[in-house]
Amino acid sequence: MFKNYFKTTIRNLRRNKGFAFINIAGLAVGMAAAILILLWAQNELSTDRFYKNESRIYEMYNRDKDAAGNKWAWPNTPKILATTLKNDYPEVEDAVRYNNVTFLLTQGEKHLNVQGAFADSGFLNVFDFPLKEGVSKQCLGSVYNIVLTEKLAKKFFGNENAIGKTVRIDSVHNCTVTAVLKDLPPNTQFNFEYLLPWSYMDKIGWSDSSWGNNSVFTYALLKPGVSQAAFDAKIKDITINHTKGSSYPSSTDVFTQPLSRAYLYSKSENGKLSDGPIKTVRLFLVIAVFILLIACINFMNLSTARSEKRAREVGIRKVLGAQRIKLIFQFIGESILFSLGSFLIALFIVKISLSGFNTLVNKELAINYSDPVFWLFAIAFVLISGILAGMYPAFFLSAFKPVKVLKGTFKKAEAAINPRKVLVVVQFTFAIVLIISTLIIQKQIQHTLDRDAGYNRNNLVYIFGQGDIDKNFTLIKNDLLKDGSVVSITRSSNPITRRWSDSWGFIWPGSTKQDEKTDFVRLGADADFVKTIGVKLIAGRDIDVYNYPTDSTAVLLNETAVKSMRLENPVGTIIKSADNNTEQWHVVGVVKDFILESPYQKDINPMIIFGPAGSSGYVLHLKLNPANSTASNLAKMEKVFKEYNPQYPFEYVFADESYARKFDDTRRTSKLSSLFAGLTIFISCLGLFALAAYSAENRLKEIGVRKVLGASVFSITSLMSKDFLKLVIISFAIASPIAWFAMHKWLDGYSYRIAIQWWIFALAGLISVLIASATIIFHVLRAAIANPVNSLRTE
């Protein structure tokens with residue numbers, strides 16, 4: 001029986017090559033798109049979920065209220081928290097700290113500026129990344145130990161065994177390689193190429209025991225059976241209790257976030273972690289389901305549209321005794337066979353497109369063909385797709401009555417509403433929703449790109465102050481100004497495109513106790529900050545330690561800070577620290593608000609820009625001379641830096657490029673939406689193309705009669721087109737409110753956002769009508785201009 005069914009399927013494929021191609025092509029493209037999305041979603045959902053004790057690992061979070069009473073949560077914690085948890089709470093099996101750092105690593109003549117991290121000695125026991133060489137329990141046990149990733153070890157030592165060899169850190173200390181990790185998997189938040197022990201951080205004086213300095217990530221491994229809720233209740237006041245009686249007691253709560261949720265649910269909303277990347281994952285999983293559904297709808301429509309061709313076969317089989325259930329199994333079996341062929345083609349499409357898709361999503365995705373789980377998934381995927389695509393046609397075709405079929409009287413008049421039309425409407429509804437969504441996302445990106453950042457990014461470069469840069473700053477500055485490569489230079493505590501620090505606990509004339517909870521973005525600066533960065537000074541002057549020696553304790557405020565502090569005449573105001581009245585700063589100027597953080601954030605946070613005494617200058621900002629070419633300026637700069645900082649590579653970042661990277665995630669969403677909208681439209685149009693061909697074929701005699709009676713080509717074209725375009729217009733009417741609701745919810749994530757305008761929907765409607773018209777026009781025109789003699793000669 002199965003052999004007979006297989007032969008019948010192959011014969012049908014050969015007899016209807018065009019329709020078979022469209023069926024298989026549509027299903028294959030839909031499957032390929034779904035597989036790519038599922039690969040990406042699986043990577044996102046499995047982030048940091050591969051550790052042995054993953055279910056017992058928790059990330060520590062803080063929660064507090066700002067001066068306005070708004071709750072917010074953040075993952076940066078005091079350095080002392082981990083040791084306190086480990087020593088004072090028996091529920092904790094281990095607690096470890098993690099903090100990224102960039103050092104120059106030197107081995108022989110090789111110098112590499114590489115990102116690594118400080119970590120406690122138990123880090124690799126809690127997070128059991130696989131080791132290539134060494135033992136995890138001992139590898140971070142001594143001050144001068146270092147653990148390398150496989151990639152970094154190969155850069156330094158080639159294929160030699162790296163264990164026991166030394167690497168020099170910042171031209172200061174020699175560290176011994178105690179272990180080599182296999183390269184980090186793509187589904188982890190951790191980003192390092194080497195690990196240094198926390199004791200080394202203590203050795204170089206970077207650690208502290210302040211409960212007010214929230215600057216590192218802390219992870220707790222709880223003992224088996226410990227309840228998260230009970231543990232959270234116990235540690236809630238840990239920071240409050242340890243700051244009681246101090247000059248500035250804390251009101252910060254501490255709580256845990258399961259590691260399995262730490263990445264996907266990382267957005268704070270009123271002090272709760274309830275959103276984050278999971279929102280995007282859900283969105284694209286829905287898109288994957290709908291793309292596959294649209295491909296299956298094509299199969300359903302084309303199978304039922306050509307029902308007349310299979311009717312006699314069904315009639316004869318029933319006359320010969322075939323039961324309906326066997327016919328259903330036959331047609332579902334054909335569908336599964338189509339699905340299998342489409343899946344194999346889909347795998348080929350995925351293979352050739354995966355590299356480009358990885359570039360688009362910034363991941364390293366791959367299919368593990370040796371994994372049995374993949375093949376179980378593949379079988380389930382083929383069966384579900386085949387049954388989904390074949391279910392309706394199977395029941396439809398198997399329901400034909402043999403008497404009517406063999407008499408040729410089984411055809412019904414075309415109904416105003418039938419399942420085939422409904423399915424076409426479903427297809428185009430989803431396609432139009434994606435078109436509208438893509439247009440709105442692109443509009444939102446452009447709206448934010450056009451926003452004034454508040455400073456001049458053109459010709460602005462920043463360089464991290466490593467090695468001897470800080471010691472030789474004055475010499476470097478003088479030489480750069482002398483050779484004409486830059487027009488100004490300043491130092492700051494962080495790049496102008498990033499927020500590294502914030503502080504609260506300040507008092508000023510007229511401030512209240514509640515004002516001490518005002519959180520200020522903290523930025524350290526040196527002379528010529530305003531001139532170099534290009535921010536707008538609206539009151540007072542720039543910090544200038546050369547002409548005003550007391551400016552080492554000067555500060556600049558942004559407009560929002562002035563409003564938050566309720567200062568009418570801010571210049572000259574004295575600001576003090578609430579827990580140390582001997583620390584005070586004087587305001588010398590006010591600058592216009594500028595964007596340091598997300599450009600999608602409407603409200604700018606209050607900011608204090610401290611003079612040299614208030615913050616160290618780790619980053620150099622340089623304004624290139626616009627009279628010279630960029631290449632010429634950079635060549636001169638490299639010469640100067642090589643002279644005064646010879647051990648370090650000359651590395652720089654353009655501020656405009658760094659600012660542009662703030663849009664990467666949204667651009668990625670936009671590109672993915674555009675890609676899958678295009679694929680959805682392509683699949684829908686494949687089906688529409690085939691339906692138009694079949695409709696034209698079935699109406700040849702009707703068209704012949706109309707032409708004989710004097711109908712013009714235009715009137716026939718209009719008559720045939722309107723049936724299809726009517727469905728597209730209905731789809732647009734259904735899609736518009738769905739798209740509006742979905743995009744309204746998406747835009748809620750941005751405080752600086754566009755208003756959804758009517759012309760976006762009008763444009764999407766026009767695009768969909770034009771695409772549908774272009775799809776069907778070939779078959780419609782061919783039928784309209786055909787010679788009626790050919791279609792009527794048998795009448």
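The protein chain exposes about 36,800 Å², and carbon and sulfur atoms supply 57% of that area (Shrake-Rupley method, 1.4 Å probe; for residues, only the protein chains shown count as cover). This is a predicted model, where local features need pLDDT of at least 70 and side-chain atom pairs count only at pLDDT 80 or more, while totals for chains, interfaces and linings use all residues. Residues are numbered from 1 along each chain as its sequence is written, and side-chain values use heavy atoms, with hydrogens and water left out.

Of the 795 residues, 50% count as buried (under 20% relative accessible area; exposed is over 50%, partly exposed in between, with a 1.4 Å probe and protein chains only). The chain has 25 helices and 26 strands (DSSP runs numbered from the N terminus: H or I of at least four residues, E of at least two).

Now zoom in on helix H16, residues 473-483, where Phe473, Ile476, Lys477 and Leu480 are buried. Seen down the axis, these buried residues fall within an arc of 100°, so they line one face of the helix (the arc is that of the directions from the helix axis to the C-beta atoms). An α-helix has 3.6 residues a turn, so residues three or four places apart point the same way. Thr474 and Lys482 are exposed on the face turned away from the buried side. Cover for the buried residues of H16 includes strand S16 (486-492), strand S25 (619-624) and helix H19 (630-644), through contacts (heavy atoms within 4.5 Å). Just after H16, Gly484 takes a positive phi of about 80°.
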